[in-house]
Amino acid sequence: MTPYRIQEGDLLLPEGTSDQSIAVFGLTLGQALPGQPPEFSFVISRQPLPTGMTIHTYTDQQLRNFPQILNGFQIIERTAVPMGSQVAALVELTWQSERGPMYQRQAILVCGPLEGRPAVALALTGTTREGLQDKYRDTFFQMLYGFKL
């Protein structure tokens, strides 16, 4: 069994278990309206990084898959940003949901391999329906650069 820690506590995982959890943080920068979703969300998701894949080939694969699952998918900008001792892929994109346009900025980086666990691709994603205005860009980068491996 392998010890595993989450904010709320610790647990033991059977060998061979992979962490594919998602952490979702909702943020309202203005006045919150009852029953309304937050105006900005920041999501951290993780998936095992396939053997032999780099962060760039993984990002390419993800971007090829998005048009099949996201209506009206478009890449606005793709670049790279320094994250500690590595470089993260940074993608700004938009797509159409049932409720209207969605705007996202996503940083993808590699974590691991650590303590016998395989490497994982971490995606840190900021999402809003209001466009990537300065207040959302600033919030995204504050949260992104506040993240430490």
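The largest pocket in this predicted model holds about 700 Å³ of space. A pocket here is an open set of points on a 1 Å grid over the protein atoms alone, where a 1.4 Å probe fits, with protein on both sides within 12 Å along at least five of seven lines. The volume is the space filled by probe spheres set on the points.

Residues are numbered from 1 along each chain, and side-chain values use heavy atoms, without hydrogens or water. As the model is predicted, local features need pLDDT of at least 70 and side-chain atom pairs 80 or more, while totals for chains, interfaces and linings use all residues.

**Pocket lining**
- Some 27 residues line the largest pocket (an atom within 4 Å of a point), and Y4, D19, R117, P118 and V120 lie nearest its centre.
- Two or more lining residues come from each of strand 1 (2-6), strand 4 (40-48) and strand 8 (120-128); strands are DSSP runs of E, at least two residues, numbered from the N terminus.
- By type, the lining splits into 14 nonpolar, six polar and seven charged residues.

**Strand 8**

**Strand 8's partners**
- Strand 4 runs antiparallel to strand 8, joined by nine bridges (pairing takes at least two DSSP bridges), and P48 has V120 as its bridge partner.
- Strand 7 (residues 100-111) also pairs antiparallel with strand 8 over nine bridges, with V110 opposite A121.

How values were computed. Helix = DSSP H or I, 4+ residues; strand = E, 2+ residues; numbered from the N terminus. Nonpolar A, V, L, I, M, F, W, Y, C, P; charged D, E, K, R; others polar.
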